[in-house]
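Work through the exercises below with the sequence and the structure in view. Each task is followed by a worked solution.

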There are 2 protein chains.
Amino acid sequence: MEKFASLPAEKQTQIIDGALLAFSVSGYKKTSVSDIAAAAGISKAMVFHYFGTKKALYLYLIEFCSGIVMDAITEKFDRDVTDFFERIQMVSMIKILAMRKHPAILSFLSSILFEKDGEVQQDIQTTLAMGEGFRNQIALDGMDVSKFKDGVDPKLVLKILVRYSEGFVSELPNDAVIDPEALYKEFEECTRLLRSNLYKEEYL
Amino acid sequence: MEKFASLPAEKQTQIIDGALLAFSVSGYKKTSVSDIAAAAGISKAMVFHYFGTKKALYLYLIEFCSGIVMDAITEKFDRDVTDFFERIQMVSMIKILAMRKHPAILSFLSSILFEKDGEVQQDIQTTLAMGEGFRNQIALDGMDVSKFKDGVDPKLVLKILVRYSEGFVSELPNDAVIDPEALYKEFEECTRLLRSNLYKEEYL
DNA sequence: TAATCATCGACCGAATCGGTTTATGATGCC
DNA sequence: GGCATCATAAACCGATTCGGTCGATGATTA
C-alpha cells in the first residue's frame, strides 16, 4: 500500500476512479482485476503491486470514499441555516463539491449498500454503521418547516429536490467535470419555482 | 424456440422473469447462463434446450419486452388527453400496466440502454431506434401548457417529474424488482402537489 | 413394451479468474 | 561505465467458471 501512496497524486486519482467505476458497475464478485486494470489504465500486475489483493483494494476504496464525504460535511456544514430550501441547497452543494474530484464516488457508495458477496459484506456493514446514518441525521436536524402552506408535505418536497439534483449529476456524460456554477443555477431555478409556490405568501 | 413456446404460460413467465432479472442486474457479458438458470428455477441445460444460445435468449427478451410496451402504447394512448399532468400520468399508467405481468421489464429495458458488449450492441440499437424515440415523441406532442400560472416553466416541471420518477427507480437495490403500484402511487403524490400549486386557480 | 420426451447432473474444451514470476528498461549512485 | 533499485507489463500459474453438450433417468404415450 505504501507503493500506491507514493504515486503522483494524479495517477492515484486515475486509478481510484477507474476502480470505483468498475466496482460500482458490476459489484465485488463480478468485477475482475483485469476490468479494474483496464478502467484504470494500468496493467493487472500493477493492481496487485499496489494493493496486494482485490479485496484489499475494495476495502481501501470504501474507506477512501467515506473519508471524503464525511470530511466535507464536518468541515462545511452550517447548522445555523434553518430555512428549508437553503438547507437542502447547502447539503447538496457540499456533497456534489466533495465528489467533484471523483465523480464515481456516488455510484460506488450506493453500490456497496447492496453488495451481497460474503467476502466483503462484513467489512461493509462495519463502515456503514459508522458513517452513513450520521450524515442524514445532521442534514435534517433543526430544519424550519413552518413556512410551508398548509397541506404541503415537507418530506415530499425534500424528496423532489434531492432527486432533482441527483438527476442533474447522473445526466452528465461519465467523464464530464461538474460545473458548480451551472449546478447552482439549475438547482436555484427549481428551488425558486417550488419556494414561490409552496411557501405561505408572507414568507416570499 | 418452439420448445419454449409450447411450455405452459406460467412456466414461460417464470423463466422470462428470471432471465430479465439476471440480465438487468449484471448486463449481457457478466450474466452467466448458470445465473439465469438459477434465477429462473430450471437447470442450465434447459436454458440451452429452450433457446439454443445465450445470445438468442437475450435477443428474444429484447423483442418480447419491446413488443409488450409498444403494443400497450399503440392500443391505449389517447392523444385527446391534452392536460399536462393527465398526459404524463397516462403515459406512466400505460407503461406500468404493460409491465404488470413482468415487473422486471422496466429494469431490463433500462439496462439495455447501457449495454456495451459488442456481441449484442448492434441488435439493441436496431430495436431502440424503432421503439424508444417513437414513444417519447407521441407522449409529448400536442400537450396543453396554458393552465400553468404565469412564470411557471412547463419544461422545468417536466424535468422535475422525470427526474423524480427516475430517482424512484435508481434508489432501489440493484437486484430489486420494481413494484409498479408503488411507483404509480409515489408519482401520483408528486403530481398532486405540483398540480395544485402550479396551475391557475380556475383549473383546479 | 417400446418409443418419445422433458429434465438435470456431470462433463467438455476454452476462456477467464485471482495472483505470481520474469523480462525490460529507466533511474540514480559510485 | 558498472551496478543496484525499482516501476512496469507480458507471460504465465493452477483453479475456477464459462458457454455449451451429453448421457442417464423417469414420466408419458401409444
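The exercises concern a predicted model.

**Exercise 1.** Find which residues are closest to DNA strand C, and which helices supply the surface near DNA strand C.

Solution. 
- Step 1. Take as near any residue whose C-beta atom, placed from the backbone, lies within 6 Å of the strand.
- Step 2. DNA strand C is then surrounded by 15 residues. The closest are A:Ser32, A:Ala45 and A:Lys54, along with B:Ser43 and B:Ala45.
- Step 3. At least two residues of this surface come from each of helix H3 (33–40) of chain A, helix H4 (44–51) of chain A and helix H4 (44–51) of chain B. H4(B) gives the most, with 4 residues.
- Step 4. Sorted by class, the surface near DNA strand C has 6 nonpolar, 5 polar and 4 charged residues.

**Exercise 2.** Describe the side of chain A that touches chain B.

Solution. 
- Step 1. Chain A brings 15 residues to the contact and chain B brings 16 residues.
- Step 2. On the side of chain A, helix H2 (9–30), helix H9 (154–170) and helix H10 (180–198) each supply at least two residues. The most come from H9(A), with 6 residues.
- Step 3. The classes on this side are 8 nonpolar, 3 polar and 4 charged.

**Exercise 3.** Determine how chain A can be laid on chain B.

Solution. 
- Step 1. The C-alpha of A:Asn197 is the nearest to the axis in chain A, 2.4 Å from it.
- Step 2. Both copies use the same surface, as 93% of the contact residues of chain A recur in chain B.

Terms used
Residues numbered from 1 in each chain as written. Chains lettered and ligands numbered in written order. Predicted model: local features only at pLDDT ≥ 70, side-chain atom pairs only at ≥ 80, totals over all residues. Nonpolar A, V, L, I, M, F, W, Y, C, P; charged D, E, K, R; others polar. Contact = placed C-beta atoms within 7 Å. Least-squares fit on C-alpha atoms with pLDDT ≥ 70 in both.
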